[in-house]
Amino acid sequence: MRQYLIRRLLQIIPLVIGISFVSFVLVVSAPGDPVATMFSPDVVANIDTEALREKLGLNQPIPVQYAKMMWQFVNGELNSFAERRPTTEMVAERLPTTVLFASLAMGLALLVGVPIAVISALRPYSIVDDVSVTLSMVGLSLPQFWFALILILIFAERLQWLPATGLRPIDASGYNLREMFPYLILPTIVLSLGVLPAVVRYCRSSMMEVMRQDY
């Protein structure tokens, strides 16, 4: 088991490097100037942009820029062009919110998806099973951003039951779940939609496979 995990982890390394390199090339090749994001237009007009690009290494070949970026990333020295501060600091600020939403979405997907999968597996090819399979396919095909807009339109704009944006009231701070609860409902539902169909299909097929065994 340990050798299998080590082998799988080693296989992930070239995949991550390849994806990061392609993403880096796409960002560098996109229209726009990173120097322009660092200063306001009136400041950019009064500075030597070419000298600044040279100082930042933006005039170097893309492979060299990528290698430097990865080295700075590994050492924790990678900075944001726009905000001119360490990316580790920016990630640390947003990590609690990300973990919170990911945990809530996964918990909701398991809470709803596992019972549905069990019922479908116990009654294969019944109406309940057909409905769950169909809804799973719809969930996999449905764009999450479109579903989010529909929920905002219904529950935030029309009914005005839930807030459309934000994480907490404007005058609140910290992570008080009681104050944040109304703000967590819509994002959690939308994020769970990306996990719920996979949970239903995987649990259903796994349970049906086990039920076919001799024991």
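The axes of helices H1 and H5 come within 11 Å and cross at roughly 120°. This is a predicted model.

**How H1 and H5 pack**

- Two packed helices are described by the angle between their axes and by the distance between those axes.
- The crossing of H1 past H5 is right-handed.
- On the H1 side, the contact uses Ile17, Ser20, Phe21, Phe24, Val25 and Val28.
- On the H5 side, Ile62, Gln65, Tyr66, Met69 and Met70 meet them.
- The residues of this contact divide into nine nonpolar, two polar and no charged.

**Aromatic rings**

- The model has three aromatic pairs.
- One of them is Phe21 with Tyr66: the ring centres are 5.0 Å apart and the planes stand at 85°, so the pair is edge-to-face. The cut-off for that label is over 60 degrees.
- Phe21, Phe24 and Tyr66 form one aromatic cluster.
- Phe21 has 31% relative accessibility, so it counts as partly exposed.
- Tyr66 has 9% relative accessibility, so it counts as buried, because the cut-off is under 20%.

**A buried aspartate**

- Asp129 belongs to helix H7 (residues 127-141).
- Its relative accessibility is 1%, so Asp129 is buried.
- Leaving aside neighbours within four places in sequence, Asp129 is in contact with Ser120, Arg123, Pro124 and Arg204.

- Most residues other than glycine have a negative phi.
- Tyr125 is not a glycine, yet its phi is positive, at about 65°.
- Tyr125 lies in the loop between helix H6 (87-122) and H7.
- With a relative accessible area of 63%, Tyr125 is exposed.
- Gln160 also has a positive phi, near 55°, and is a residue other than glycine.
- The loop between helix H8 (144-158) and helix H9 (177-193) holds Gln160.
- Gln160 is exposed, with a relative accessible area of 63%, because exposed means over 50%.

Terms used: Residues numbered from 1 in each chain as written. Predicted model: local features only at pLDDT ≥ 70, side-chain atom pairs only at ≥ 80, totals over all residues. Heavy atoms only, no water. Phe/Tyr/Trp six-rings, centres within 6.5 Å; stacked < 30°, edge-to-face > 60°. Buried < 20%, exposed > 50% of the residue type's maximum accessible area, 1.4 Å probe, protein only. Axes fitted to C-alpha atoms, helices over the stretch in contact; angles between N-to-C directions. Helix = DSSP H or I, 4+ residues; strand = E, 2+ residues; numbered from the N terminus. Left-handed = near helix turned anticlockwise from the far one by under 90°. Contact = heavy atoms within 4.5 Å. Nonpolar A, V, L, I, M, F, W, Y, C, P; charged D, E, K, R; others polar.
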